[in-house]
Amino acid sequence: MERTLVILKPCTIERGLIGEIISRFEKKGLKLAGMKMTWLTDELLSEHYAHLKEKSFFQRVKDAMRVCPVIVCCWEGLDAVEVVRAMAGKTNGRLAAPGTIRGDYSMSVQENIVHASDSLETAEIELKRFFKEEEIFDYTPSYIWSLYANDEI
């Protein structure tokens with residue numbers, strides 16, 4: 001099973017969409033393995049968005065992520081990174097397909113509801129950045145056999 005990071009951004013918190021977004025991942029069949037609310041520091045955001053450091057909007061992105069606390073989640077499932085990315089939709093909410101999280105809840109490139117890891121390698125790095133080892137839980141939900149064929153898990 002893969003694990004991936006999802007951050008519910010400040011716009012999600014402020015708009016009261018926490019339950020809506022978490023519910024979508026749960027309904028899909030992903031397993032919540034870790035979740036916490038946290039204030040992101042400038043240092044952590046500088047590390048997380050280091051790939052944007054030379055962009056003109058770097059500080060704006062960091063400022064937007066510090067408006068209020070965020071909720072960081074670790075979701076688990078087969079092909080979890082790809083599944084979450086597909087569910088999130090295109091980064092620009094105006095271009096994201098209806099039915100995706102961003103397509104249904106976002107009109108912005110920046111205020112686009114969630115951050116989702118873009119690869120398995122990135123997910124591993126990001127999960128370590130936002131979670132301590134003991135904050136991610138390994139358990140098997142009783143309904144797992146109704147999610148996957150027995151040869152998939």
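The model is predicted: local features need pLDDT of at least 70 and side-chain atom pairs pLDDT 80 or more, whereas totals for chains, interfaces and linings use all residues. Residues are numbered from 1 along each chain as its sequence is written, and side-chain values use heavy atoms, without hydrogens and water.

**Surface patch**
- M1, W145 and I153 form a nonpolar patch on the surface, with about 350 Å² of accessible area together (Shrake-Rupley method, 1.4 Å probe).
- W145 is in the segment after helix 7 and, at 60% relative accessibility, counts as exposed (exposed is over 50%, buried under 20%, partly exposed in between).

**Helix 7**
- Helix 7 (residues 120-130) has A123, E126, L127, R129 and F130 as its buried residues.
- These buried residues fall within an arc of 155° seen down the helix axis, so they line one face of helix 7.
- E121 and K128 are exposed on the other side of helix 7.
- The cover over the buried residues includes strand 1 (2-8), helix 3 (42-48) and helix 5 (80-88).

**Q110**
- Q110 lies in the loop between helix 6 (101-105) and strand 4, and counts as buried at 17% relative accessibility.
- The side chains of Q110 and E111 are joined by a polar contact of 2.9 Å (N or O atoms within 3.5 Å, one able to donate a hydrogen and the other to accept it; for residues adjacent in sequence, both must be side-chain atoms).
- Leaving aside neighbours within four places in sequence, Q110 is in contact (heavy atoms within 4.5 Å) with K9, R60, V61 and A64.

Conventions. Buried < 20%, exposed > 50% of the residue type's maximum accessible area, 1.4 Å probe, protein only. Helix = DSSP H or I, 4+ residues; strand = E, 2+ residues; numbered from the N terminus. Arc of directions from axis to C-beta. Patch = residues over 30% accessible without salt bridge, like charges linked within 9 Å, V, L, I, M, F, W, Y side chains within 5 Å. Salt bridge = Lys/Arg side-chain N within 4 Å of Asp/Glu carboxyl O.
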